[in-house]
Amino acid sequence: MTSPDADANHPLPPGFSWRGDTTAEVGVRERDFAIEVDGESIPGVLWSPDRAPEDASASGPLPLVLLGHGGRSNKRANIMQTIGRRLARREGLIAASIDQ
């Protein structure tokens, strides 16, 4: 996955759908998504570096870091957002957190 947008070279996996619009702040794009598994929708949020598409294609795919949270927390807990945004902005990685 090179960005929150799919294209012919990087199709979205089966059962994956974007929810809502992409939001951006300095250096980071954020977007909600859902994954359908066995008829159940699992919501998530994805943070990615906000960089030009030509920069993304030049450097190739980016690693994805899956962030886990405890049972009393959720994908949008302050710590999840802080870590996700920091990984995208400072390290140039894609980060995602899901609720289940």
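**Salt bridges, ground rules.** I counted a salt bridge wherever a side-chain nitrogen of Lys or Arg comes within 4 Å of a carboxyl oxygen of Asp or Glu. This is a predicted model, so I took local features at pLDDT of at least 70 and side-chain atom pairs only at pLDDT 80 or more, while totals for chains, interfaces and linings use all residues. Residues are numbered from 1 along each chain as its sequence is written, and side-chain values use heavy atoms, with hydrogens and water left out.

**Overall layout.** I took helices (H or I, at least four residues) and strands (E, at least two) as DSSP runs, numbered from the N terminus. On that basis I have two helices and five strands in the protein chain, and their order along the sequence is β-β-β-α-β-α-β. I called a residue buried under 20% relative accessible area, exposed over 50% and partly exposed in between (1.4 Å probe, protein chains only). Of the 100 residues in the protein chain, 35% are buried. For surface I used Shrake-Rupley areas with a 1.4 Å probe, where for residues only the protein chains shown count as cover. The protein chain has about 6,000 Å² of accessible surface, and carbon and sulfur atoms hold 52% of that. Among contacts in the protein chain with a separation of 6 or more, 54% join residues 24 or more positions apart.

**Helix H2.** I checked its length next. Which residues of H2 are buried? I listed Met80, Gln81, Gly84, Leu87 and Ala88. They cover an arc of only 140° around the axis, which puts them on the same side of H2; the arc is that of the directions from the helix axis to the C-beta atoms. Turned away from that buried side, I found the exposed residues Asn78, Arg90 and Glu91. The cover over the buried residues of H2 includes strands E2 (28-37), E3 (40-49), E4 (64-67) and E5 (94-98). Just after H2, I noted Gly92 with a positive phi of about 70°.

**Back to the charges.** How many salt bridges does a search of the whole structure find? I got six. I followed Arg85 first. Its side chain meets that of Glu25 at 3.7 Å, N to O. This pair links distant parts of the chain, Arg85 in helix H2 and Glu25 in strand E1 (residues 16-25), 60 residues apart. Arg85 is partly exposed at 22% relative accessible area, and Glu25 is partly exposed at 35%.

Arg85 also makes a salt bridge with Glu30, at 3.1 Å, N to O. Arg85 lies in helix H2 and Glu30 in strand E2, so the pair ties together parts 55 residues apart in sequence. Glu30 counts as buried, at 10% relative accessibility.

Then I looked at Asp32 and Arg76, whose side chains meet at 2.4 Å, N to O. Asp32 lies in strand E2 and Arg76 in the loop between E4 and H2, so this pair ties together parts 44 residues apart in sequence. Asp32 is partly exposed at 27%, and Arg76 is partly exposed at 28%.

**Last note.** I wrote down the network of salt bridges that links Glu25, Glu30, Asp32, Arg76, Arg85 and Arg89.

Key:
Contact means heavy atoms within 4.5 Å.
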